[in-house]
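Subject: Structure for you to look at

Hi,

Here's the structure I promised to pass along.

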Amino acid sequence: MLMGLMQHQPLLVSSILRHAARHHGAGEVVSRRDDATIERTTYAALERRARRLARALLALGVVPGERVGTLAMNSDRHLELYYAIMGIGAVCNTINPRLAQDDIAYIADHAEDGILFADPGFAAIVAAVAPKLASTLRHVVIMGDAASLPDIPLPAGIRLHDYETLLAAADEDYAWPNFDENAACGLCYTSGTTGRPKGVLFSHRATVLHAMVTAMGDATAMRATNRVLPVVPMFHVNAWGLPFAAPMAGAALVLPGRHLDPDSLIALLNGERVTNAAGVPTVWLGVLAKLRERGGRLATLQRVMSGGSAFPRSLMAEYARLGVTVSHAWGMTETSPIVTWNSPKPSTLALDSEARLDEQARQGRVVFGVDVRAENETGEAPWDGRTQGNFVVRGHWVASGYYRMPETAIGDDDWFPTGDVGVITPEGFVTLTDRTKDLIKSGGEWISSIAIENIAVAHPDVAEAAAIAIPDPKWGERPLLIVVPRQGRTPEPEAIRAFYHDKVPRWSVPDRVVVVESLPHGATGKILKTELRRIYAR
Ligand code: AMP
């Protein structure tokens, strides 16, 4: 083998911020504080503060490989914390503050976080979980200034600090070190609906490669002139990698803090001239409902990246009328998360507008660096758009096992089972039918709950919908549809059922339609079908 004569530098997360500071130093990072005021900084200033923070972490005794927990919304502070923790070779354990306190304590304990950083708004959570973490937790840092430091009781041996005082005491003279690119940089626990959360341990190499590929033209198409608003939280798979992809391209980041209601989001999208945004469908449903209710428009928004659950086709058309393209992306915490992204192919351009919308509603096609197969009893299912299989994935940013669960380890060439089911079209577009456990099997036929829900929300009276399987003595299971009305509307169950006529085979039409005020959502915005099944499938 003749080796290439090229320099070798490890793919480290710190190189992204260093690049942004040097080549996009004036690139903006905009944050909305708890009191709704707007704070502005630049990549150059943020990198300097990240260096100070790196020194502060070292002064607190953080060593490479150590886990540092964060309980925080999207903000400049959380961003500089990401880079400081990862930059010194420690591991940023983002914890979802919406989880039950018992799960939060479990995660921080399982990760053995030595330090916990928390937004002032989450001080009460810290006070509640700290007693359970007394064996490993040494410091709690509240992410504000001295004035925002709440008086929270902590067990002896755990010291309380405020973020700005720590930072002010540290020197900014720090050079980001080089180390093995396979070192861990982030740890995010999946909030499965059953069992304890499981830790996905990202590496620097995987994170940098994922950012490079997701910045490509047929994915986020990240440009220095973009202004990007991740509604998806930084505690949910690193906000889908946007805190890395945006500075890599020099794009501005607009971080909404805890102001995630539709009115606040619309104001921020327009006020900060946001061009690209990302979040789960529930967020975009809420924004659309608000615009329907009181009019108004999204003046600068061009593209929405949607993932986490299926974005209904009918709402994609409505967003298109507002001048916004909604792109499905599919993946999971275990895949960093992007596996597929929906962008047109040459063959797409030949389709009429309805067929194009059908294609846009699919979960997308595989980006370079990862791969997917749909597997059934006979092996890989053909790419015919009809034959269903269980999706398995592998690639540079796919987990090879869960943290501290050696029994889950898989080899580098092995396929990781996603738990999702679907089909692949001849053009390679992946369509998700369901989570394996959410599929409805009626009289031997599979019914896709996603397909049933997509039709329901196309009805003018329906804002949100969930289809679940109900045990049935004759058919095994039958679909039940639960709907939330649109503002000022009263859905009629029989009219909703009639709406399915000509859209799906007769046996797929829900037997019963239940109207409710709201649906239960989990900590990452997904509808909690386990909860619905507990209530209705008895
Ligand atoms: P999480 O690990 O919390 O990000 O959840 C990952 C799961 O969300 C996947 O396994 C899918 O079931 C679901 N999901 C992600 N993206 C999509 C999408 N674009 N459409 C439908 N479901 C999705």
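This is a predicted model: local features need pLDDT of at least 70, side-chain atom pairs count only at pLDDT 80 or more; totals for chains, interfaces and linings use all residues.

Ligand site first. There are 16 residues around the ligand, and the ones that come nearest are G308, A329, T333, D420 and R435. Two of these also have polar side-chain atoms facing ligand oxygens: for T333 the distance is 2.7 Å, and for D420 an N or O atom of the side chain is likewise 2.7 Å from an oxygen atom of the ligand. On the nitrogen side, Q363 has a side-chain N or O atom 3.0 Å from a nitrogen atom of the ligand. The protein buries 91% of the 500 Å² that the ligand exposes when taken alone.

As for what builds the shell, β14 (325-331) and β21 (429-435) each put in at least two residues, with β14 giving the most, at 4 residues.

Now the helix. α3 covers residues 76-87, and its 12 residues reach 16 Å from first C-alpha to last, close to the 16 Å expected. How much of α3 is buried? Of its 12 residues, 12 are, and that includes charged-looking names such as D76, R77 and E80. At the start of the helix, a side-chain oxygen of S75 comes within 3.3 Å of the backbone nitrogen of R77. After α3 comes G89, with a positive phi near 95 degrees.

Cheers

Technical notes: Residues are numbered from 1 along each chain as its sequence is written. Side-chain values use heavy atoms; hydrogens and water are left out. A residue is near a molecule or strand if one of its heavy atoms lies within 4 Å of it. A polar contact is a pair of N or O atoms within 3.5 Å; within protein, one must be able to donate a hydrogen and the other to accept it, and residues adjacent in sequence count only if both atoms are side-chain atoms. Accessible areas come from the Shrake-Rupley method with a 1.4 Å probe; for residues, only the protein chains shown count as cover. The expected span of a helix is 1.5 Å times one less than its number of residues. Buried means under 20% relative accessible area, exposed over 50%, partly exposed in between (1.4 Å probe, protein chains only).
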